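This briefing goes through one protein chain, topic by topic. Keep the sequence and the 3D view open while reading.

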Amino acid sequence: MTQHTPSTVVDRPVVGSYANYAGAQRAVDFLSDNKFPVEHTAIIGSDLRMVETVLGRLTRGRAALAGAGAGAWFGLLIGLLLSVFAAGEHNVILLIISGIVYGAVFGAIFGFVSHAVTGGHRDFASRSQIVAARYDVVADAEVAEEAKNMLIKLGWRED
């Protein structure tokens, strides 16, 4: 993987600016479809901010349920690993089922207790993501004019 210093990325001229990542991605895909050397381009997000979407209230029951789900997956992994060393088909199934059950039980207990210990702080579930205010498509100086002209044609198609 080639790494560029920040100055090489900043010195590239902007050939297109988009309100969302999908638009910038569509522009680079258009360039690629038209045999443009896309290895000379980059998508740069500007004015980054973190957006946290609240999914709902986190009760002790929901914390226990989430813990049970995570524990069951971990138990499945442990059961599968142990089943490699088991003799007989019956033992393999028993190990896997036991791993899932024990993992779910211990995960539920851990989820319940860990939520109860917080004392009501942060009792909601959320998802975080980083988003940019705009996305610029930049290109190396020697191919920037060609890229800009091609993206103008893309704009004509979409209007």
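Which residue in E3 does Ser17 stand opposite? Ser17 faces Asp136 in that strand. The model is predicted, and its average pLDDT over the chain is 88. The points below cover the sheet, the helices, some single residues and the confidence of the model.

**The sheet**

- An open sheet is formed by 3 strands, in the order E1-E3-E2, with antiparallel pairing.
- E1 and E2 are the edge strands, and each of them pairs on one side only.
- From one strand to the next, the twist averages 25°.
- E1 covers residues 14-18 and E3 covers residues 124-139; these two strands are joined by 4 bridges in the antiparallel sense.
- E2, made of residues 41-57, pairs with E3 over 15 bridges, also in the antiparallel sense.
- Two residue pairs can be looked up to follow the pairing with E3: Gly45 has Tyr135 as its bridge partner, and Val54 has Ser126.
- H2 packs on this sheet and touches E1, E2 and E3. The direction of H2 makes about 145° with that of E2.

**Helix H2**

- H2 runs over residues 21-33.
- The buried residues of H2 are Gly23, Ala24, Ala27, Val28, Phe30 and Leu31.
- Seen down the helix axis, the buried residues of H2 fall within an arc of 155°, so they line one face of the helix.

- H4 consists of residues 89-117. At 1.5 Å a residue its 29 residues should span 42 Å, which agrees with the 42 Å between its end C-alpha atoms.
- In H4, the residues Ile96, Gly99, Gly103, Gly107, Gly111 and His115 are buried.
- These buried residues of H4 pack against H3.
- H3 is made of residues 60-83, and Gly71 is one of its residues.
- Is Gly71 buried or exposed? Gly71 has a relative accessibility of 10%, which is under the 20% limit, so it counts as buried.
- Apart from neighbours within four places in sequence, Gly71 is in contact with Gly103, Ala104 and Gly107.
- Gly71 and Gln129 are 58 residues apart in sequence, and their C-alpha atoms are 25 Å apart in space.
- Trp73 also lies in H3. Its relative accessible area is 64%, over the 50% limit, so Trp73 counts as exposed.
- Between Trp73 and Gly155 there are 82 places in sequence and 47 Å in space, taken from C-alpha to C-alpha.

**Residues with a positive phi**

- Lys35 has a positive phi of about 65°, although it is not a glycine.
- Lys35 is exposed, with a relative accessible area of 74%.
- Asp47 is not a glycine either, and its phi is positive, at about 55°.
- Asp47 lies in strand E2, and at 54% relative accessibility it counts as exposed.
- Gly119 follows H4 and has a positive phi near 65°.

**Confidence of the model**

- Where does pLDDT stay under 50? This is the case over residues 4-8.
- For residues 4-8 the model has 2 contacts beyond four places in sequence.
- Over the chain, 92% of the residues score at least 70.

Conventions:
Residues numbered from 1 in each chain as written. Predicted model: local features only at pLDDT ≥ 70, side-chain atom pairs only at ≥ 80, totals over all residues. Heavy atoms only, no water. Pairing = 2+ DSSP bridges. Expected span 1.5 Å × (residues − 1). Buried < 20%, exposed > 50% of the residue type's maximum accessible area, 1.4 Å probe, protein only. Arc of directions from axis to C-beta. Contact = heavy atoms within 4.5 Å. Axes fitted to C-alpha atoms, helices over the stretch in contact; angles between N-to-C directions. pLDDT = per-residue confidence, 0-100.
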